Amino acid sequence: MKSNSRRIRQQIMQVYLLNGLEAGCLIGIVILLYALEQPSWFQQVFRILALVAAAVSILIGALLGRSKCTALKRRIFRAQAGHEDSLDEAAFGMVDHSGTLYTGGSWLLYRNGLEYRVYCRDSIESIDPYGEHGGKRVKVWLSMKLQNRQDLELLSYTAGTPDAADLLKEWLNPKSQEKVCRACGAPNDPEASCCAWCGSPLD
């Protein structure tokens with residue numbers, strides 16, 4: 001099974017390559033259509049130009065894809081520096097159906113088109129959501145306050161569910177599960193081995 005970071009880089013590479021292929025085909029078609037109006041002895045030259053234009057577009061798409069993948073790889077390495085949890089071992093799940101925000105263990109992944117940002121939960125001081133309700137969709141802006149930084153990082157997207165911002169807050173500050181005593185029903189600390197009220201064992 002391929003790692004998460006490698007899958008993300010390959011996806012960016014493929015998108016740029018397909019964009020280059022599409023652009024090359026369109027340019028080639030335009031050149032060939034223009035060639036149909038030219039004398040027959042000139043059409044061969046236009047066919048060659050169409051093939052060259054397609055090849056150049058594909059090459060540019062591949063180079064842009066490689067450049068974007070390399071930049072993303074550097075960002076992932078910087079994000080993982082000093083953190084025990086590896087991005088490659090995280091199982092990501094969508095926060096909502098927008099396909100923009102993903103959470104996996106200690107990692108938050110933001111995807112907007114071909115832009116990717118990766119954050120470790122330990123590096124995030126707070127997530128301050130604010131937005132507006134519009135029917136079934138919610139426009140949410142997330143103000144990310146990162147540790148050891150004075151500025152804010154702003155992430156904007158159209159949330160798929162109204163409670164997307166609350167889900168992110170719960171991910172950032174997970175609540176510890178209280179242990180409930182089976183004997184008396186009293187809540188206890190998660191680390192407790194015996195009930196603080198009746199003394200019954202909790203495990």
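Reader: What should I know before I start?

Author: Residues are numbered from 1 along each chain as its sequence is written. In this predicted model, local features need pLDDT of at least 70 and side-chain atom pairs count only at pLDDT 80 or more, while totals for chains, interfaces and linings use all residues, and side-chain values use heavy atoms, leaving out hydrogens and water.

Reader: In which order do the four strands of the open sheet stand?

Author: In general, strands of a sheet pair through backbone hydrogen bonds, either parallel or antiparallel. Strands here are DSSP runs (E, at least two residues; helices are H or I, at least four), numbered from the N terminus, and two strands pair if DSSP finds at least two bridges between them. The order is β1-β2-β3-β4, with antiparallel pairing. β1 (93–94) and β4 (115–120) each have a single partner strand, so one side of each has no neighbour in the sheet.

Reader: How many bridges join β2 and β3?

Author: Four bridges link β2 (residues 101–104) with β3 (residues 107–112). Tyrosine 102 stands opposite leucine 109 in β3.

Reader: Which residues of helix α3 are buried?

Author: Buried means under 20% relative accessible area, exposed over 50%, and partly exposed in between (1.4 Å probe, protein chains only). In α3 (residues 164–172) they are Ala164, Ala165, Leu168, Trp171 and Leu172. Down the axis of α3, these fall within an arc of 115°, so they line one face of the helix.

Reader: How many disulfides are there?

Author: A disulfide is a pair of cysteine sulfur atoms within 2.5 Å. The whole structure has zero. The closest cysteine sulfur to that of cysteine 194 is in cysteine 195, 8.7 Å away, too far for a bond.

Terms used:
Arc of directions from axis to C-beta.
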